Amino acid sequence: MMKKVSNSKKDSTHLELVKLGKIFFKEKKFFDLYSKHKKISFEAIKDINLKIEKNTFVSIIGPSGCGKSTLLNLIAGLQSPTSGKIIIDGSAIKGPGPDRGVIFQNYALMPWLTTIQNIEFAINTVFPEKTKSDIKERAINYLRMVGLEKASNKFPKELSGGMKQRVAIARALSINPNMLLMDEPFGALDALTRSYLQEELLSIWRKNKVTVVLITHSIEEALLLSDKIILMSSGPSAIISEEISVDLGRPRDRQTIEQDPKYLKIKMRLEKHLLRETRAVEDVT
Ligand SMILES: Nc1ncnc2c1ncn2[C@@H]1O[C@H](COP(=O)(O)OP(=O)(O)O)[C@@H](O)[C@H]1O
Ligand SMILES: [Mg+2]
């Protein structure tokens, strides 16, 4: 009992990364024997330390190729770290889990299943004890949540990009995760669909108790959505170079916040950072 009280502050941490590192090893091929560098390993990220509070909205931004997807895949448990630890709710993770819903840029829906079957499949994997009709009802509820009830019997190839991403969001939420991990989810969409889905994501985040980690290359998107923005340096051996708290009230109106001096100040800081780090990449290559 006493212990719990003294831990109460610690309890608000949802995710903690401790000295996290990832090195990719490449098999040495015959061809490589003649290469000048003979490089068979590549350190993508190095010594990443980070704490994310429960139910916060955090964005990760950094130059292309710096290791953002690698970091997200590690948190999702889809890849394993070379060094360091990923702690969720106080315990080190060992792989993927139903506590984390993952959403990718390319939607990753199963093309041979209909919209509703894609969601039912996910629910069945996490809640195998549920009856068929319970699973179906749950799937319909989540489709309704993203406004796609009518498309339930369509196949992914019959849907627009925005609709596919809404199915992916519904699927990720249908397993009732307390963390949503999103890798540039709106990157492939047109501007209008993108802002529509940003609003939808915000309202989902407000209604459900969920911590969001969003990878984005859009400064405006990060500023509109996040409580905190994490900046990554250019790779190889990318690190977290800055953490910026986005001290703007909510709800945020797109047009209004763009006039806010606080918004403009953070925006300039982010632009400077990205420009500097992108130059760093160009100098290396
Ligand atoms: N499976 C892999 N094997 C070897 N190198 C990889 C692998 N995955 C990613 N990388 C390298 O790690 C770096 C970071 O990649 P990634 O995390 O995809 O970057 P980002 O998402 O920031 O664009 C890149 O240089 C990429 O080529
Ligand atoms: Mg990526």
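**Exercise 1.** Find the strands that helix α5 lies across, and its angle to β6.

*Solution.* Start with helix α5, residues 161-174: it lies across β6 and β7 (179-183). Helices (H or I, at least four residues) and strands (E, at least two) are DSSP runs, numbered from the N terminus. Next, the angle: α5 runs at about 170 degrees to β6. Axes here are lines fitted to C-alpha atoms, for helices over the stretch in contact, and angles run from 0 to 180 degrees between N-to-C directions. Contact means C-beta atoms, placed from the backbone, within 7 Å.

A quick note: this is a predicted model, where local features need pLDDT of at least 70, side-chain atom pairs count only at pLDDT 80 or more, and totals for chains, interfaces and linings use all residues. Residues are numbered from 1 along each chain as its sequence is written, while chains are lettered from A and ligands numbered from 1 in the order in which they are written.

**Exercise 2.** Work out the strand order of the open sheet and which strands stand at its edges.

*Solution.* First, line up the 6 strands: β6-β7-β8-β3-β9-β10, with mixed pairing. Two strands pair if DSSP finds at least two bridges between them. Now check the ends: β6 (100-103) and β10 (240-245) each have a single partner strand, so one side of each is left without a neighbour in the sheet. Finally, zoom in on β3 (57-61) and β9 (228-232), which pair in the parallel sense over 4 bridges; Ile61 stands opposite Leu231 in β9.

**Exercise 3.** Identify what supplies the largest share of the shell around ligand 1.

*Solution.* Look at β2 (41-53) and α2 (68-76): each supplies at least two residues. The largest share, 3 residues, comes from α2.

Terms used: Contact = placed C-beta atoms within 7 Å.
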